[in-house]
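Here are my notes on this model, as numbered points. Please read them with the structure open.

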Amino acid sequence: MTTVAIFVDIQNVYYTVREAYGRNFDYNKFWARVTANREVIKAVCYAIDRGDQKQREFQNILRAIGFDVKLKPFIQRSDGSAKGDWDVGIALDAMEYAEQADVIVLVSGDGDFDLLVQKIRAKHGKKVEVYGVPQLTAASLINAASEFIAIDKGLLLN
């Protein structure tokens, strides 16, 4: 059976899906699609922790589906800007599991991941599937992927 490791950039997915469709990503539909006839060796969602109850409930839903949830604190800077991304954490985990999985799945449209995808394909010879909102996913990431799968209405909550 094909093994898979899944890495989801929650902030990117949330904002791109909301902007493109005005709806929410359906993690259950995604899980069913990406894990069909595959053995999951790792599945992680990366999120920013603002500490509110609704967010904790969402994180528990993700855990019930089968994801590990990694949290980083939300940092509000004195100038009003905010910081909180998981790019380095996602990259480190993906490189670690690239040795073990047949397929790496990355859910993000962030072009910063193009080098990661290229490296996994070149160094480990693995298939890398990228899920993203087509019009909001960096062309460089789409081109780096073994396969780009559009997040469309079939992966959204009704």
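1. Start with Ala-36. Its relative accessibility is 42%, so Ala-36 counts as partly exposed; the band for that class lies between 20% and 50%. Keep in mind that this is a predicted model.

2. Ala-36 sits in the loop between α2 (27–35) and β2 (38–49). Leu-92 is 56 residues away from Ala-36 in sequence. In space, the C-alpha to C-alpha separation of Ala-36 and Leu-92 is 25 Å.

3. How do α2 and α3 cross? Their axes come within 10 Å, at an angle of roughly 20°. Angles under 35 degrees count as roughly parallel, and α2 and α3 are therefore roughly parallel to each other. The crossing of α2 past α3 is right-handed.

4. Which residues make the contact between α2 and α3? Tyr-27, Asn-28 and Trp-31 come from α2. They meet Phe-58, Leu-62 and Ile-65 of α3. By class, this contact has 5 nonpolar residues, 1 polar residue and no charged ones.

5. Now the largest nonpolar core, which has 27 residues. Ile-6, Val-8, Tyr-27, Phe-30 and Phe-67 touch the most other members. Elements giving two or more residues to this core include β1 (2–9), α1 (10–21) and β6 (103–107). The largest share, 4 residues, comes from α2.

6. Val-8 deserves a look. Beyond its neighbours within four places in sequence, Val-8 contacts residues including Val-13, Tyr-27, Phe-30, Val-44 and Phe-67. Val-107 is also in contact with Val-8.

7. There is a second, separate core of 22 residues. Among them are Trp-86, Ile-90, Ile-104 and Ile-120.

Methods
Residues are numbered from 1 along each chain as its sequence is written. This is a predicted model: local features need pLDDT of at least 70, side-chain atom pairs count only at pLDDT 80 or more; totals for chains, interfaces and linings use all residues. Side-chain values use heavy atoms; hydrogens and water are left out. Buried means under 20% relative accessible area, exposed over 50%, partly exposed in between (1.4 Å probe, protein chains only). Axes are lines fitted to C-alpha atoms, for helices over the stretch in contact, and angles run from 0 to 180 degrees between N-to-C directions. Angles under 35 degrees count as roughly parallel, over 145 as roughly antiparallel, 65 to 115 as roughly perpendicular and the rest as oblique. A crossing is left-handed if the near helix is turned anticlockwise from the far one by less than a right angle, and right-handed if clockwise. Contact means heavy atoms within 4.5 Å. Ala, Val, Leu, Ile, Met, Phe, Trp, Tyr, Cys and Pro count as nonpolar, Asp, Glu, Lys and Arg as charged, and the others, Gly among them, as polar. A nonpolar core is a set of buried Ala, Val, Leu, Ile, Met, Phe, Trp, Tyr and Cys residues joined through side-chain atoms within 4.5 Å.
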